[in-house]
Structure formats: C-alpha cells, structure tokens
Amino acid sequence: MSFDVKYCLIAICTLRFHPEAQGQVLSDTMRTKDIPQVTITSDRTTNPNSVSASKKADSRLMQATGTLQVSDVLKYFSGATVKDYGGVGGLKTVSVRGLGASHTAVAYDGIIITDNQTGQIDLGKFSGSQAESVRMVSGPDNDMLQPAALAAQAAVISVNTGRPNLEDAKSKISAQLKYGSFNTLSAQAGSAFKAGQSNTVSLQGEWLKTKGNYPYTQSNGASSSQMRRENSDVQRLRIEGALFSDLSHNTTLTTRAYWFQSEQGLPANILYNENAARERLWNRNGFVQSTLTTDVSQRLSLRFNAKYGITYTRYLDPKVSNTQGRTDNRYTEQEGYLSGVALYRITDCLSASAGVDGRLSGLDGNGADQAQPTRYTVNSTAALKYASERFTATGRLNHVITKEKTKLRQAAESYNHLSPTAGLNWLAWPAAGLHLRASFSNTFRLPTFNDLYFEQIGRRDLRPERASVTSAGIVIENEASGISYSVYADAYNSNVKDRIMAVPGKNTAVWMMKNIGRITTHGLETGLEIRSQEGTVRPAMLVSYTYQRSMDKSDSNGTTWNHQLPYTPRHSASAVTWIETPYVNASCNLLYSGEYFCNGYNGPEYRMPSYCEVGCSLWRDFAVKSFELTLKAECINLTDSRYELVRNYPMPGRQLRFTATLEL
Amino acid sequence: MKRTLNKILPLLLITLACDPEPVLLEQSQVIADAGHSGVYVLSEGLFNQNNSTLSWIDFTTGKADSWTSATGYSFDVFEKVNGRRIGDTANDMILYGSRLYIVVSESSTIEILDASTCTSRKQITLSSNGRASQPRYLTAHNGFVYVCCFDGTVTRIDTLTMTADATISVGRNPDGICCTNGKLYVSNSGGLDTQNPDNTVSVIDINTFTEVKRITVRSNPGAIYADGNSVYVVSRGIFDYGTMNYDSRLHRIDTQTDEVVATYDIPILKMDIADGKAWFYGYGAGGTIQVLDLATGRILDSDFITDGTRIECPYTIKVEPTTHKVYVCDALDYVTPGSLLCFSPDGHLLYRVQGIGINPNTVGFCDENVNFSTYQGPSEIIGDIDRVFEYMPAPGQFVNLLPKYEEGDNAESMASKCLIALQSGYTITLGGFGGYITAGFNTTVVNGQGPDFRIDGNAHSGSAEPGVVWVSADVNGNGLPDDQWYEIWGSEQKEGRATPGYSITYGKPAADDGDSEWTGSDSRTGSILHNSFHSQPYYPQWYQGNSVSFTATLLPDNVSYQDGQYIMSAFGFGYVDNMPNSLENSSFDIDWAVKSDGTPANLSGIDFIKIQNGVIGCNTITGELSTEVTAIYNLNSKSQ
C-alpha cells in the first residue's frame, strides 16, 4: 500500500476514533398526552403501546448493571450492538439492528446530538449519573411532538436527565464519590431547588479521573505475555445547570447550559513489538439549549427547541516523522439549531402533527488543506396518528433538504430526500396484556464532513446512505399478585443500501469514499422481565436474547457475499437480576456474545471468540438523621475474563468499585 | 389470539431459517517455474491489525503450505514455525543468501529467517529517540542488507552478525531503496507532509556508507528500481484535488552521472524489470498490466493479459527473470485475503492461488529445499552437538565477532560461546584457511543408509566458502576427541585436485586494524586485508602467540571475477558452507570418510567432528573466504 493511502487511512481511523460527544438536554415529555386512556408505568422497561421495539433503562436497572457510562447499560438492550475499544476512554458506539452506528441517533433530553464530522457519537462520554433514564426506540416513535430531525432516524437512544422531583422539599443536595480499580476516581455533586413558585433549578457537576492502566494478556501465536495498558488515562469535567419553568399551567420552559471538557490518552492498539501509545485527545463542548412546550388548547400543542453548541477537538501525536515532528489537528464544530412542532388533535382518536427543524453546522480546522464546510439542514416532518383504546397507528413523512458551502474547493451538492415511516400496535388480548406491533421505516444518514471532504479520501458526490427496517413483534405486559412481568419478541428485516465506505478508487493508490455496500439483516430481539412490586423483599429479573444475521449483499460475485457484518455476533444474550431487601440490595449481571468477525470477510483469521462477562454488586441505603447515605460495592468482570471486543483493543479484566452517595 | 400466533411464529422461523451461509475461498493447483522450489508471498495484513503473514507456495506439492492455527486453517508459515506472528504491516521482503529478510513497518522490526525452514534467527528492532523507525524497504549487497526507514534514515545490517551496525540520515520519509554500481539509491518521499513532500533521491556510496549526492526529482518519489547502469524512480507528484488523483511520472537516472536523464509520462504504481523491459500496473488503469521498454519509454504492450482475466487490485508484480512468467498479487478489496496469479509470458492465466494473505505485497522465488516444522515450544536447541572441544579460527574479518570476543575470554570460553551459538542457530566463523572447530555429538551418529549428518553454513549462489570435514569415533570411550581422525573426501580430494597437509602461518598484525600477513608451506605469501565493514581486530584476540600456524587440506581456488563481481563457485559435493543449506546440499555420508591412504575408513559410527576452512581466497570486495557454520545435525538420531 502506498504511504499516502496508509496515512490517510490512519488519519481517518483516528478521526473515527474520537468523534465528539456533545451533550444536550431537555426534559422527557414522553407522557403521551394525546392518548390519556393509557397510563405507562414508569419502571417498565418495555413500552407495550409502542409501535416499535422500545427499551428503557431506569435508575434501578442502571444501579443493578453498574452503569458508569451510558454505554454500559446499552449492552443489556437486545438489538443494540455496542462496539467498545475498552476502558473508560475507549470509544463506544452503538449500532441498532445491523444498520451501523451512524444510523443510531442520540438525543440528550429530547434534542438530537450531531457530529457532522464523523457521524459517530461516543456513548462512553455520558456518565451513568447524569441520566435518569436511557431509552432506545428501534423504529418510529409514538411521540407526535418529536422534532423532525429525530423523527427521521432509524433508531434513537435518548439520554434523559429528568426533572428533579422535589415534592415538598425546598431543595435537594447530593454528593457522590466513586473509587475503583486502575486509579479511577470520580466525584459528583448536585443540587436542585425551587426558585419561586414555578421555577426549579438543577445544578450538577462531575469530575472523573482514571489512569486506566489495566492489565491484559497479549497473545501472539503460541505465546502470550502480561502487559498493562498505557496512555489510557482520562480526565473529565462536566458542569450543567437547568432551569425548569412552568410559565403557566399548560406551558413549560426548560433551559439547560452544559459544559464538558476532557483530556485523555488514546488507548493503543496492541501492536506486536511496538507498544508506544502516545496520542492525546482534548475535547471541549459547551451548549445552551431550550425547550418550550405549550398546550394552546385542548386540541393544539406546540413544542419549540433551540440550541447553540460549540465543540473543540484537539488530536496530538507528538512523534511523527514529518517536518514538524508531530501531528497536531484542531477542529472546531459549531452548531445552531431551531425546531418547532405542532400537534393538532382532530378527534379524540385522530391527531396530526407537523414540524420543521433548521440547523446550521460548520467545521473549521487548523490544517491548510481543510475544506471548512458549512451545512444548512432543514428537516420537516408530518405525521398522522390514530390511537384508540386497543389500536394505535402512525404514519409519518420526513423530508430533508441541505445546502453546503466550503471555503476551499467545491462543496457537495444539495441533498433533497424524502423518507416515510409507519407503525401499528394492537392490544390483541386485553386480559393478557398482549399487544401485536409492526413498523416500517425508511431512513437515511447524510454523508459526514469526513466522508465528503477528508483530504484525499472524501468525495463530494456521495449520496445519503439509506436504511429500511420492517419489524413485527409481540409484547405481553401484565401484573399479577404484585409481580409485573413483560415478555417481548420482535423479528425484523433491515436493509442498508448505498453504504458509504472507503474503497480503492479508480486506481489502487487513491482510496475514496463511495456508495457501494449493501447489508441485509434478519434479526430477532426477545426478552423477559419480571419485577416484584410489593413487599419488603423485591426480586427482579431481566433476560434478553438477540439473534442477528447481517449479510453483505453488495456484490453477488464478491468474496464477502453473504458474509456476516463485522462486530455483529449472530447470538448474544444478557441477564440482570437484583433483589431489594430491607438489609441489603444485591445484583448479578451477565453479558454473553457469541462468536463474531472483526472483518467483512469471514475468514478464520478474522474470527473473534465468544465471551461472557459476569458482574455483581451489593448496596444499602442508610438513613442518618436527615441524610440518606448509600454505600455500594461492585465487582465488574468477576471471573476476570480476558477478551477483546474490538480486535487488538483489550477489555479490562476484574475490577472493583466502591460508591458512596449522600443525599439531603 | 392463538390463531394469530400460529400465523406469526412460522413466519419468524422462515425468516431465521433462510439465511444463506457465507462461502470462503477455494484453492487451485500450482505449476512449477524455472527450477525454483517455490515462492514466498508476504502479506502485510491490515493496518494495526497485527496480521501480516508469510505464505509458502510449493512447486513440488503444487499448493500453498497450510496448517491449523488456533483460529482455523492458516497459510502463515511464519507463525507455524515460530509460534508467533510477524507483526504489523510487513512491508517488504528479500531472499538473500540462505536467509529471508522481512521489514515489518509498524512493528518497526526486521525479521531474519532461514529460507529453508522459516525459523526466525533474529528479530532486530529499529528505533531512534524512543520513536519507531518504521522500516519500509530493503535491498542487499555483499553481505549487508540496507533498510530505508520512514524516520529519514538508512540502516545497514551485517548478515553474518545479524546486527544493525550503522545508520545514516537521508531525506524525509524514504519510501524505496535499490542498489547498483556500488551505490544505494533512496527515494525521499516526504509523504508525511502532504502539502510539502520531499523531491530528492539520495545517493549513498556503499563502501563508505555515506550520502554522496541528492538528485532532485519531481515531488513525492516512491518505488525505485535498479537495472544495470540505470535507476528508475516513480515520482507521484502532489495530489490534485481537481482530478482527485496523482500525476505520476517515471524518471530514469543514469548511475554514471547520477542525473535524471529521462522522464516518461507513464503513471506507474509498481513494476518489475527483466531484460530491459518493465511489467507494470499504474495509476488510473485499474487492474491492467502493461509492458514498457525502459530504454525508450515506449509501451510495448498496453494490455498484457490476453485471456480476459480480471485483476481487482494489483498489489505487487514479479517477473521470473528467465522464463518471464509474470506473478501478480491481487489484493481484491484490501480486507479479503488476496490471490496470487501466475501468467504465462504471453499473458494467459496459468493458475490462481486464492486467499493467500491479506494485502499480499511481495513475491520471492526460493531455490532452497524447504521443510517447515511446527513450533514445539520455546528455547529449542538446534542441532545435535553438545560439546565444542576446540575453536581456533585463522585470522578473518568475522573473527572476534562470530562469536564475539570479550575482555577476559580464553580458548575455553570461546569454545563455549561457539556451542551456544551453534545450538541457537547463530553463525560462527572459522576465519581464513586452516581455521577449525572440533565438536562432539550428543549421541553416536550411526552410519546408516545415505546421508548421516548435516552441517549448515551461510553459502548462497556465487558465495561458497568451502570447509573440509574430519570425523572420529570415540573408540577408547573416554569422551574426548583423542582417537583416530578420518577425512571426509569431497569432490576435490576424490578427483585429486586437493593438496593435503598444506601448512600456513599467519602473523599477528602490529595494529588492531592491520592486515594479517601469511606464508604457506610452498612459500606463497599473502595477507588477510582489514576492511571498512568490520573494524575489530581480525587476529584471534584470546590467542597469545605472535603467529599462528595451521595444517589443512587445501582445495583449489574457487574465486573468479565476472561482470564486475567476484564469484565464489561451489565444489561438487562434500564440503561445509559450499551450497545453500538443504538436506541435499549440506549433508554428509560417513561412508565418504577415508584413511590417510585414501581407502574407505568403513566406520560404523562417529562421535566427533572437525571442520576446517579449505580455501585460500581473498578479494578486495568481500575480503577473505572464511567457512561459516550455523548448525550441525545428526540425521540418524531418533528425533529426526
């Protein structure tokens, strides 16, 4: 391979490796006002009325699974494939239903987080303690007030911070200290208080530092050696504040300011004989976002969102054989976003909504060769929904139009794309709480700035990558003698067309991005959840199983025809069980992944063995005067299973973690 | 409800059951070429995946050597033999002497392997100031291998001591190296500065190992090839965002004047030269192979492949110099293991070996008889000797280096160093004519049918430094080599061309870098010349006397001068370090042992062996002829 290609690829890999996680905020308004007949129990993790497969992790589940980072709990969701480079600082992206990470949108309090440079959101950058709940919807959402940009996504992972529930108290203060293996220390403090009759203020700060120098076994053929991960230190600081204002009995305004900064080493690939990890990464991300929700009348509701965000990234390799002796890349991405949605209830059952989102995003970099693109995006959406006691049907049409400008060289053409989604949910057997559901979605992702403009690889003539998913499933949710249970099974077929991939161009020395691939996936997601809702001893259990057969359907004469998509196990499963007692609470969790491949060609050299990780924890609440103290001890990867999820990026072995939380 | 379930469940099952299974690649039959035993194919793997591999395609068995690794079947003979993997991004390989040299760019190592067994003899790590040097390409000349590294350096490796003994600076990010007319040519790409690449070719004088000139060429020079008095270098130019491509040209450099004398507007990616023609594939032409007349820059054949065979992504090209069969590696989509395609000289596909390795980038013809044994565990003792009784080299350029003399060493400690070296497969030298080593086998070598023992050296074609073998049986049973010695008669003694009992005396030079004068029993005189490549004293440092004498069988002079090169021809049979190592070339039959009167010794077995340099030869380029020994095997022991 010529060096140009090789180094461009390094660069693109590097960029892929540190996509920006931008936080965003706003309260979860999933109370589905338009169907008042149905009440949704807050601690259910499956939403039986949803037309699409929907999973939710509440605070209990996150407690039981030891969620340090939001990506940790997503591993327990069936249908989600988490690609994890290991450790706190290792990139963590989520692909849903074989569609690829860039088809999974991440929303922070209802507003989409975008990364126009790489298209990937690192879910490891969200701390478990900043999320009250995490929800994943794989397909069209029932929410009619969903902003247009989110409605156009194949799958949405929502990180919801929640509005502080102060009840009668004037204020709440909390502090938390965590200490864990490999010198991991985190401190967090938060407070929430009422400011006047109708305002609630929430403030939160979190600091995390880890050395992350966990041991791993480096195998090389017949031999293996014990190594320690180097340059995997991470330091992060997050400060956010939110103001929840009830402007009137039917109007709420939430405004959030967010600041995140980090410095980390980039965890190195195991490289036989050369383990000099030295690359550094700095991130700074700040934003202000606001959501106004108002019920103008019984029939008309409106929601407006606004956001401004700035993200700064610096990547440094201090030892490179170029003239400067280093690579020091700095990028600044700015974004302005405005959104409005109107919902009109035509009859008790029938409602219609329409929304428009406008976004302006620009990328600037320090390289002389940067295209410095700016993208104007307008997403619009129109939806119809019919919801009776036993029947829900949704239909939606999404449209996107973009315009692009660059300072250097030619900009990409405008995109103008229409995509529909539809869903059904039928309470087929009310006595058993049995629903049948089906959905269809046709979505797409736009080429990223890297896809279009990155040095010699980017190509301006890329089309959007299109995804379509057809899904059908069954969900039973019921409660009997204080025990709630739910069972679900969803089968789906998904197709990704015009996949954007780096391929050799018209000659082999110049690689380029191209719309070339096609992936077809058959899958099954199934799970069972049982929770005891009464009594002083409350056990709970959650089991899930995922089958995914993701086939490369790019070229019937190609060598990878029908081969399984990389990093996609055919079989994977998870189980969490916990018990709450007056004395102590305990949990045990298990993750299993069957064999998979780390490359599109399923040769034996790319086979990744199956792995199983087990963890457990004990915690207890103590009431000390007016304080509530929670002490928790966790063991992660109890059996010290040594595995790699991403080839050559070892995962940590056994870890201990202690947490003390104080609430007033 | 039940009815609905009954409808849905079969639907689900059908969905799950109709998944087609993936199909992996298949293999095809290989055809032999030009007397080679086969070809090595080096594959770089994927960047940062540590999956470089070395495959062997055997012309005798007609297929690629495969085995079952932990992950499944594998063509990687390197891992099979050495129990570990090559590393990350093995970028280039040459076969030189009886050894295979591989540069592993991202791991920043050089692997030195025995070409006949694939055993790694040495792994050299290259770094400077704590930064990996990233070796890229290599070439060899007169016992040295030269490696250009991306950190702007060229490193010299002594093939006998297997150490990097000198490093010099050249331009930025060298991306090609070749050798001709006593000079090295290195293309300085500067490719890590995409906006401001380098545009020079460094000329290095081999004898002084210093950069003597930088030739200015177009920007971003890469692949570089030597052909007699010309050097050809591909200059890629600066990436053009208008055409989204490079504007690549081929320069011809005259090595007499070291000037660019011609520039051909031909966008070559990689080529191989035979008989003044270059077979190449280029930028902008997909998988087309073309043939170029190097003297005129005229395209002789714009589409070499005549049978419609399609190559997705040519990744290397190699032309067999005599048969002109063309070997092309196809990297396919860069992630699937690629193929080796062999074409007849008229462009017909002869065969295709699929799945040979990921991104196969180098093909090397091998003439050795290969035999790969599966790795059995670490610290394996090579060979079947367990004692070295005496080591007395005559003065020579590797004496005090192979093995290394250190302050305080004496004859005994030098003998133990020789034992360790021979048991580890490292080379020892016998120095000039008469120098010898005496060793004992761990068990008696029984005189069986055919060859009974084997001695490996470092001979390669045109570089024979023959040593004479003596054997002895431990008749008195005292474990010491104090019994009757018998000479193994090779072709020269048999034909009466050898001079038995020739005596020689070497004087100790006054200075450490002085020449060692010698006088023979027939009053011939000469000297072992001190050269610039090896700076240590050549007279055995642990030996006290001011002169040292040897008596040995003198073989005929085997040195001749042809086409600007000294050729050291091999004798028919029966000598150490005479022909490239193989069972056939390096083995001896105890039946060849004779009494002093030349009649067969009729030994039933032997316990001791003595190897003695049998040639007096010296030239100004490679220095004196010195027999080198790397391993001694008992072919009739149970382990064989």
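A contact is defined here as heavy atoms within 4.5 Å.

Figure 1. Among the contacts of chain A with a separation of 6 or more, 64% are made by residues 24 or more positions apart. The C-alpha trace of chain A spans about 65 × 55 × 50 Å along its principal axes. A compact globule of 664 residues would have a radius of gyration near 26 Å, and the 24 Å of chain A agrees with this; the radius is taken over C-alpha atoms, and the globule rule is 2.2 Å times the number of residues to the power 0.38. Of the 664 residues in chain A, 60% are buried (buried, under 20% relative accessible area; exposed, over 50%; partly exposed, in between; 1.4 Å probe, protein chains only). Chain A has an accessible surface of about 24400 Å², 57% of which belongs to carbon and sulfur atoms (Shrake-Rupley method with a 1.4 Å probe; for residues, only the protein chains shown count as cover).

**Figure 2. Salt bridges of A:Asp328 with A:Arg326 and A:Arg330.** A salt bridge is a side-chain nitrogen of Lys or Arg within 4 Å of a carboxyl oxygen of Asp or Glu. The closest N and O atoms of A:Asp328 and A:Arg326 are 3.7 Å apart, whereas the N to O distance between A:Asp328 and A:Arg330 is 2.9 Å. A:Asp328 counts as buried because its relative accessibility is 17%. A:Arg326, at 36%, counts as partly exposed, and A:Arg330 is partly exposed at 31%.

**Figure 3. A buried pair and a network of charged residues in chain A.** A:Asp451 and A:Arg445 form a salt bridge with their closest N and O atoms 2.9 Å apart, and both residues are buried. A network of salt bridges links A:Asp109, A:Glu206, A:Arg238, A:Glu240 and A:Arg256. Over all chains, the whole structure holds 54 salt bridges.

**Figure 4. An open antiparallel sheet of four strands in chain B.** The strands (DSSP runs of E, at least two residues, numbered from the N terminus) are arranged in the order 3-2-1-32. Strand 3 (63–64) and strand 32 (360–366) of chain B each have a single partner strand, so one side of each lacks a neighbour in the sheet. Strand 1 (residues 38–43) runs antiparallel to strand 32 of chain B and is joined to it by six bridges; pairing requires at least two bridges found by DSSP. B:Ser43 lies opposite B:Pro360 in strand 32 of chain B.

**Notes.** Residues are numbered from 1 along each chain as its sequence is written, and chains are lettered from A and ligands numbered from 1 in the order in which they are written. In this predicted model local features need pLDDT of at least 70, side-chain atom pairs count only at pLDDT 80 or more, and totals for chains, interfaces and linings use all residues, while side-chain values use heavy atoms, with hydrogens and water left out.
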